[in-house]
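Subject: Structure handover

Hello,

Here is the structure we talked about. Please look it over alongside the notes that follow.

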Amino acid sequence: MEQFKYTRGKIMRAINLRTEHMINPIGIDSKEPYLSWNCEDGRRQTAYQIVAMDENGVVWDSSRVESDSMHASCPLELKSRQRIFWKIRLWDEKNEAGEWSAEAFFEMGLSDKADWRAEWINPEPECDPEAHKPASYLRTYFQCDAESLNKSARLYVTAHGLYEVWINGKRAGDFVLAPGSYNYDKRLAYQTYDVSGLLCEGRNEVEVILGDGWYRSVSGVDGDRNIYGTDIALLFQLEIDGASVCVSDETWEASQNGSIRENDMQQGEIVDARLAVVSGYHAVKVEKFSFDQLICSDCVPVCEMEHFKGKIITTPNGETVIDFGQNLAGYVEFTLNAHEGDKIVLTHGETLDENGNFTQENFQDRKRHKEGGTKQQVVYTCAEGENHYKTKFSIWGFRYAKADTVIDLSDASFTAIAVYSKMDTLTTFTCGNDDINRLVQNSIWSQKSNFCDVPTDCPTRERAAWTGDMGVFAHTGLYLMDAYPVMRKWLAECRVSQFDDGKIANIAPKNNNPSFFSGLLAGSVGWGDACIIVPYEMYRRYGDARILSENYEMMKKWYVFLEERAKKRPVNPVKRFKRNPYRRYTIETGVDYGEWCEPDVESTSAMRTPQGKVATAFFAYSGRMLAEIAAILGKEDDAAYYSKTAEMAKKAWRFIATEDGKISSDRQADYVRALAFGLLDGDEARQAAADLNELVKKCGYHLNTGFLSTPNLTRVLCDYGYEDTAYKLLLQDTRPGWLYEVKKGATTIWETWDGINEKGEVKASLNHYSYGAICGWILDAVCGIQVSDGKIRICPHPDKVLGYAKASYQSPYGRIESGWKYDGDKVTYEFEIPSNTHAEVILPDGRRKVLDSGRYSL
């Protein structure tokens, strides 16, 4: 391999400094916060020194630490409100010290319940739990002297419902839909805002608007309401240099006579602009709500992100529809001129129907939904003259908005605003096939649309944080976006939702009223196993073992539940089961979702018992992962136990799923699962791969795998030398195939392979990230960028059919690039390896080489 000219800087320095995988977070509560960085210039970090300071000076100096590690823990006993600045310098391979980095910081929140001086206040004099209610407007005042303006001001705030805070007419923070999505009865985060620049000398005015939010809005496919309670409430504490100057208490006033007449996360908002001046203020009620579930946010905020200008079109049936060009999750902002009392109704949907008219029917389940369906609607009554509106307390999935109005919209402006957790996109990809490029972008957009504080399945009818969806997507999601904090926060919701017997709630946080059936399905393999799969993937990518220790007890309890399932016997066992020597390790009772959404298989019929092949395979697979996790955490006895159990479960699977090691099935999933989970070895595995390859060919290079196996289909084919078949699957543009939806004009990933059929008829969600998991293979196999266990490997699999492919990935260790290009029969490669790392490069012709940091071509 030939190396490009390598330009080495004069110094080595640390960049991209982060605390808890976030940039300069405030209001965290982590013990010994995790500090990380990347290296710039130089080739090899041989040592580092970190210095941490607070307002009184240096509080920790690591001194010189001989290490090439790019992370460390801050071993301090940290106090409430304490702000720590930290910087780092590095030594390179020549033992030359670089300059100190720019300073980063983190700030602690309120770590003790006694730190709270505020009281919970309820703004509503009465509450009809059956009615949709207006937003509540709260206000108070406080004094501030000139000296205080030079001090540090912090606002600690949360709510039952959603809140928006304004101080002297300026918005506090950029977190929308705050405080976020939680199991409110067990965990409720407060946010910390630096409001120093919002204060003025003399009288200061505070205004807070409260909406229903996740707390009591219509929720989920069932349309349940009041999931966590019927009240809304505010907890507000503003401090200057640690002293409370304004807290929520009985002195506040509230009104329900503002412009937002109804607000609901799913159904939408009803707004009367004629009520812009709030009137009718009254006293609030102090409530004895608990402080026990309060936690620091410890996650990135949900923010307004990309904006898309709308284009007004007229559909064949004469409807006025606004096309924003991108399916997304968010809301609309508009400006228009109208007369007082004029009304406009905006109804939001993902697509047009087979006749080119607006529809919402693809995401409705009107019989099941308690309010007859999901509205996603703004009903706006205008004031005289110019009207400006932006949604406050709702979020929808949409590309189109149907406008019902008599108002002249020729001069109106409509903008769709994407709303999601503030995550950077980590990956770029381009190749010689524009449809594949679009597929990758669609996957990124479905991740953006469904990572609103927790990872959800779709932003329309369900908005449910399904465990199974995250389990199949975690590997890819960590490539596409900087999702670590969101996934970590979501795992905490899974922990508090776990059943006493070890079952994992399929949806966390909950978004419907629990039922017997939902409790039964909480034992579904593949879904519950996400409690092991997701932390395992996060650790392997980032090397932060805390994600394993935080979730270890949850994993163990889940595995105990699987062991208990294995002990149970079928009511009417088949003869083969009776002579099974591995019955203790075979799961053939219970109800599972199974593969789910297999083409040509009715999903409801897949929920059946027994699901022995699927369940026992996951029993073996999760046991193997759990054994590795236990070893990493130094729990050797556990590791030995889980390793033995996993091996026995593997033998049990072989007994029930094969004849002398050979699978006999016409379903591709059976082969994919066996190969991906390492359930077959040697010649048996190679035979299974060959059989899988033939099945795919017989299907005309279409897949028939289900939800749990599709992410690994192309990977196992590629691993066993069937790259040509994997590429033909990737490029399949008839259904079921990834490019079918691209050909149909999709801008996101669909829930089903036939979300829009050949006739243009629409069904199910059109914004669902799970099948975007194919992008993990595009990145780690097509371009070959593999980051795992602190190592970088580049193993590209070029194919003429694409002409060229190039990807970059901002990994935990720095930016990695890998690309290849065909010129006739000749293929050339380009790689970039980040500073302080090396990569093992394995080319298709068998050549191997370890490359240090730098740029390379071949």
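Predicted model: local features only at pLDDT ≥ 70, side-chain atom pairs only at ≥ 80, totals over all residues.

Strand S13 (residues 153–160) pairs with strand S18 (residues 233–240) in the antiparallel sense, over eight bridges.

S13 is mostly covered: eight of its eight residues are buried. Side chains in a regular strand alternate between the two faces of the sheet. In S13, Ala153, Leu155, Val157 and Ala159 point one way. Arg154, Tyr156, Thr158 and His160 point the other way. Both sets are buried.

Next, an open sheet. It has six strands with antiparallel pairing, in the order S15-S14-S17-S12-S20-S23. Strand S15 (170–171) and strand S23 (282–283) stand at the edges. Each has a single partner strand, so one side of each lacks a neighbour in the sheet. Within this sheet, strand S12 (residues 136–144) runs antiparallel to strand S20 (residues 253–255), and three bridges join them. Arg139 is opposite Glu253 of S20.

Now the cores. The largest nonpolar core holds 260 residues. Which of them touch the most other members? Trp37, Phe236 and Phe414 do. Helix H10 (residues 612–632) supplies the largest share of this core, 12 residues. A second core is separate and has five residues, among them Ala746, Trp750, Ile756 and Leu766.

H10 also packs against a helix. Its axis and that of helix H11 (residues 636–657) come within 7 Å and cross at roughly 160 degrees. An angle over 145 degrees counts as roughly antiparallel, so that is how H10 lies to H11. The crossing of H10 past H11 is left-handed. Their contact has 15 nonpolar, five polar and five charged residues.

The axes of helix H4 (residues 484–497) and helix H7 (residues 546–567) come within 10 Å. They cross at roughly 20 degrees. H4 and H7 are therefore roughly parallel to each other. H4 passes H7 in a left-handed crossing.

Helix H17 (residues 774–782) is mostly covered, with nine of its nine residues buried. After H17 comes Gly784, with a positive phi near 80 degrees.

Gln376 sits in the loop between strand S31 (358–359) and strand S32 (377–381). Gln360 is 16 residues from Gln376 in sequence. In space, the two are 9.2 Å apart, C-alpha to C-alpha.

Best wishes

Methods:
Residues numbered from 1 in each chain as written. Heavy atoms only, no water. Core = buried A, V, L, I, M, F, W, Y, C linked by side-chain atoms within 4.5 Å. Buried < 20%, exposed > 50% of the residue type's maximum accessible area, 1.4 Å probe, protein only. Helix = DSSP H or I, 4+ residues; strand = E, 2+ residues; numbered from the N terminus. Pairing = 2+ DSSP bridges. Axes fitted to C-alpha atoms, helices over the stretch in contact; angles between N-to-C directions. Parallel < 35°, antiparallel > 145°, perpendicular 65-115°, else oblique. Left-handed = near helix turned anticlockwise from the far one by under 90°. Nonpolar A, V, L, I, M, F, W, Y, C, P; charged D, E, K, R; others polar.
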